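Hello,

Here is the structure I promised to pass on. Please open it first, then read my notes below.

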Amino acid sequence: MKFFHHKDVRQLLLNFNVQKVIHLNYSKMKNIIKLLLIICLLPGPDCLAQSKDSLMVAAIIKEATENSQLQILADELFNGIGPRLVGSPKMQQAHDWALAKYSTWGIPARNEKWGEWRSWERGITHIDMVAPWIKSLEGTQLAWSPSTGGKSITAELIIIPDLADSMAYLQWFPNVKGKFVMISMKQPTGRPDYNWEEFGTKESVEKMKKDRTAQTDAWRKRISKTGLTNKELALALEKAGAVGIVGSLWSAGFGVNKIFGANTTKIPTVDIALEDYGLLYRLIEAGKNPKISVRADSKDLGMAPTYNTVAEIKGTEKPDEYVMLSAHFDSWDGATGATDNGTGTIVMLEAMRILKLFYPNPKRTILVGHWGSEEQGLNGSRGFVEDHPEIIKNMQALFNQDNGTGRVVTLGGAGFLHSYEYLSRWLTKVPATYKQALETRFPGSPAGGGSDNASFVAAGVPAFSLSSNSWLYGSYTWHTNRDTYDKVVFDDVRNNAILTAILVYMACEDPNRTSREKIVLPANSRTGEPGKWPEQRSPTRKGGVD
Ligand SMILES: [Zn+2]
């Protein structure tokens, strides 16, 4: 297709769509005939349909490769806006940004309200060790944590001790008054296992793992002896007069911690990086009485409405049947949500942009859902499923991506008995380069959770997860303080945008509706009870208030 200008291909595709070849001028007609002749040299009765598919695929690839918008989208969203915590002003900013993007591409889009959430805005945070020597500590205030009330709080620290039982802890609680309480274990090593395994002796690796397991078990036991859940413990410490909670949730890689939400309601909760947390802990053990100073200027903004951004390219032949692109838009707040789920988000944006360009009059309606709260329990997508039964009933297929920046390497049939028939047929149109190492699993099994495809599968929709290769997602970027722009592998993301656009196109064009027939699920191996299809669940419509 190299000798055709991209605009000619686009025009040709547009004309295929509206079947107005007759109105073309002579020179374009000549080009089209030339192109069709070349393609039709391939034998086969479906010459025209096949040529159309091949042209479309070639156009998608050309646009995605030569005019990729992925870096611009990533830069604007991850760097320009930043993290997208549900209910936060930044989440709202992201929804508005997406609307503006779709508008520049001529795609109608809307923000659909599905609930409300406690709105919290991060402010400036400083965490410093001020005794026995001075060091700026690497730490982060947890999401929804109370602020320090416009001032710095300076105090000593105390470690949760190892006591006999909950009674003993009750008696100990008054000791936390006026102190920061350290609630996490001191990690024995800041080196990830792969580093030990590369350089350590077999004996030292085994010893390290054995010691760490014993220490981890003992710490878990220590906390469980308080008789309180993590949340109850934080509240009990707050009630007993602690000035703040300090934790460290190491993510098993160099420099990575997971950053979630606070359990306290009046005092700040911060996470401190493994290295600095270990330093404080060891100083306490050595009797050096370290002191830290914390300032956190976050703001509570009351309740805020929460949305999904939904955009649509209306179908021409079967406008009431739908093919949906899907990726959650929200993130945790410890970094900028670049791979969770910034990359899934820009894949869907880019695929929509390209589809609109070359396939503006699809057979079925194309929808995209940028979900507003996946991280707290698939709330945005569950809201959409509950609020749009007419769309759910008529959904041909849905493609969700939400596990990082890597190339899609797994596509399963989600427990739909005949998924092999249509998915593998659609996949035949994807050139080999874009499905390298792609493993299909049929009929697969229905997702019970994990990401938003599960909300749709539960409602019987053939909803599929485009599952990426790892790039050490689980330890290095997923919910961590290092989920940032620099971790994105744009070649892989572009690959995924191309794959998604082709699958969506094929699902739209399929002459048949997809079968929703479910497999008989295997019996539960423990109880022997028959396997059950996951149940549709309602979202939390009023969040962050319990
Ligand atoms: Zn995610």
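The chain exposes about 23900 Å² of surface, and carbon and sulfur atoms supply 54% of that area. Keep in mind that this is a predicted model.

Now the inside. Buried residues make up 53% of the 546 residues in the chain.

Next, the overall build. The chain holds 17 helices and 18 strands. Its C-alpha atoms fill a box of roughly 90 × 55 × 50 Å along the principal axes.

Contacts come next. Take those with a separation of 6 or more: residues 24 or more positions apart account for 83% of them.

Then the charges. The chain has 64 positive and 58 negative charges, and their mean positions are 1 Å apart.

Find it in the loop between β6 (180-182) and α7 (193-199). Is Thr-189 buried or exposed? Its relative accessibility is 7%. The cut-off for buried is under 20%, so Thr-189 counts as buried.

What does the side chain of Thr-189 reach? It comes to 3.0 Å from the backbone nitrogen of Arg-191. It also makes a polar contact with the side chain of Trp-196, again at 3.0 Å. Leaving out residues up to four places away in sequence, Thr-189 touches Trp-196, Met-208, Arg-212, Trp-250 and Leu-274.

Best wishes

Definitions and conventions: Residues numbered from 1 in each chain as written. Predicted model: local features only at pLDDT ≥ 70, side-chain atom pairs only at ≥ 80, totals over all residues. Heavy atoms only, no water. Helix = DSSP H or I, 4+ residues; strand = E, 2+ residues; numbered from the N terminus. Buried < 20%, exposed > 50% of the residue type's maximum accessible area, 1.4 Å probe, protein only. Contact = heavy atoms within 4.5 Å. Areas by Shrake-Rupley, 256 points an atom, 1.4 Å probe, with all protein chains shown as cover. Lys, Arg positive; Asp, Glu negative; His and termini not counted. Charge placed at Lys NZ, Arg CZ, Asp CG, Glu CD. Polar contact = N/O pair within 3.5 Å; in protein donor to acceptor, adjacent residues only side chain to side chain.
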